[in-house]
Amino acid sequence: TVFKTPKEASLNVANRIANIIKEKQKNNLPAVLGLATGATPIAVYAELVRLHKEEGLSFKNVITFNLDEYYPMQPNAAQSYVTFMNENLFDHIDIEKKNVHIPDGTLKLEEIPAFCLDYERKIGELGGLDIQILGIGRTGHIGFNEPGSAPNSGTRLVTLDDLTRRDAARDFGGKSFVPTKAITMGIGTIFKAREIVLMAWNKKKAPIIKKAVEGEMSSDVPATYLQLSDNVEFILDEDAACLL
Ligand code: GLP
């Protein structure tokens, strides 16, 4: 679906999320959301905050799982995805902290496999993600599933692609300060969500969107695996869609 502007597209995604939350509230059920970081979803989160503050949307029944976190990463660091989520969403809504899950960048290496299994188990016990929102990296990564990721991959420690680290360099004050690894939900984890929404704006994303939507499915461009799923929607602005 192509919208004229990122703003219109973001409002559409925020409203879908709000509708899921409200539907679940009616039935006294938790809404289980898969969340993403990066510049792309910022306006979605801003709209959810507005809906909370101005229209009384409550997040008391919301349980969230973020896609990924750099490794190693202290949660209170400026570049952590914990800080990002707090600043853009969690600090401004009535979500309970115990309902927020973000991969832990402070684990010892040997603790990571058990943590990842537990992350998957928690999502599974809640009946899976009601919706997973995604951005896309210029390598075609979703979450931090870089080229080479398997379609059935689970939550795990991964090595970041050089292009991904270059794109993150600005946030870290230079590429050499960008962690070389991350913990990410797998492509298999993402696929289990009942609804997947991939968002992309701006001309910079147009070439990778063309590959993801029209390119041959291959682990070289992990987002092409989304072609396998019936419950995926790409939400684009006109610039990101301009090569389709
Ligand atoms: C990071 C995140 C991804 C995100 C990507 C694109 O790599 N781990 O989840 O999709 O950045 O970021 P942006 O939205 O800033 O273009």
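Below is a short chat about a predicted model of a protein with a ligand.

Residues are numbered from 1 along each chain, following the sequence as written. As this is a predicted model, local features need pLDDT of at least 70 and side-chain atom pairs count only at pLDDT 80 or more, while totals for chains, interfaces and linings use all residues.

Reader: What mean pLDDT does the protein chain get?
Author: pLDDT is the predictor's confidence in each residue, from 0 to 100. In this chain, 100% of the residues reach 70 or more. For the complex, the predictor gives an ipTM of 0.94 and a pTM of 0.97. The chain's mean pLDDT is 97.

Reader: Which residues are closest to the ligand?
Author: Being near here means having a C-beta atom, placed from the backbone, within 6 Å of the molecule. The ligand has 13 residues around it, and the closest are Gly38, Ala39, Thr40, Gly135 and Gly137.

Reader: How many of the residues in the shell around the ligand are charged?
Author: Asp, Glu, Lys and Arg count as charged; Ala, Val, Leu, Ile, Met, Phe, Trp, Tyr, Cys and Pro are nonpolar, and the others, Gly among them, are polar. The shell holds 5 nonpolar and 7 polar residues. The charged count is 1.

Reader: Which residues does Met199 contact, leaving aside neighbours within four places in sequence?
Author: Met199 is among the residues that touch the most other members of the largest nonpolar core, which has 68 residues. Such a core is a set of buried Ala, Val, Leu, Ile, Met, Phe, Trp, Tyr and Cys residues joined through C-beta atoms within 7 Å. A contact needs C-beta atoms, placed from the backbone, within 7 Å. On that basis Met199 is in contact with Ala9, Val13, Thr40, Pro41, Ile133, Leu134, Gly135 and Ile235.

Reader: Is Ala241 buried or exposed?
Author: Ala241 sits in the segment after β10 (232–237), and beyond its sequence neighbours within four places it contacts Val2, Ile209 and Leu236. The scale counts other C-beta atoms, placed from the backbone, within 10 Å: 20 or more is buried, 12 or fewer exposed, in between partly exposed. Ala241 has 20 of them within 10 Å, so Ala241 is buried.

Reader: Which peptide bond is cis?
Author: Most residues other than glycine have a negative phi, and most peptide bonds are trans. Pro72 is in the loop between β4 (68–71) and α3 (81–88); helices (H or I, at least four residues) and strands (E, at least two) are DSSP runs, numbered from the N terminus. With omega near -5°, the cis bond is the one from Tyr71 to Pro72.

Reader: What phi does Asn28 have?
Author: Asn28 lies in the loop between α1 (6–26) and β2 (31–35). It counts as exposed because it has 7 C-beta neighbours inside 10 Å. Although Asn28 is not a glycine, its phi is positive, about 60°.

Reader: And what about the phi of Asn202?
Author: Asn202 is in the loop between β9 (196–200) and α7 (206–214). With 13 other C-beta atoms within 10 Å, Asn202 is partly exposed. Asn202 is not a glycine either, yet its phi is positive, about 80°.

Reader: What separates the C-alpha atoms of Asn61 and Ala31?
Author: Asn61 lies in the loop between α2 (42–55) and β3 (62–66). Not counting residues up to four places away, Asn61 touches Ile21, Lys24, Gln25, Pro30 and Ala31. Asn61 and Ala31 are 30 residues apart along the chain, and their C-alpha separation is 6.1 Å.

Definitions and conventions
Contact = placed C-beta atoms within 7 Å.
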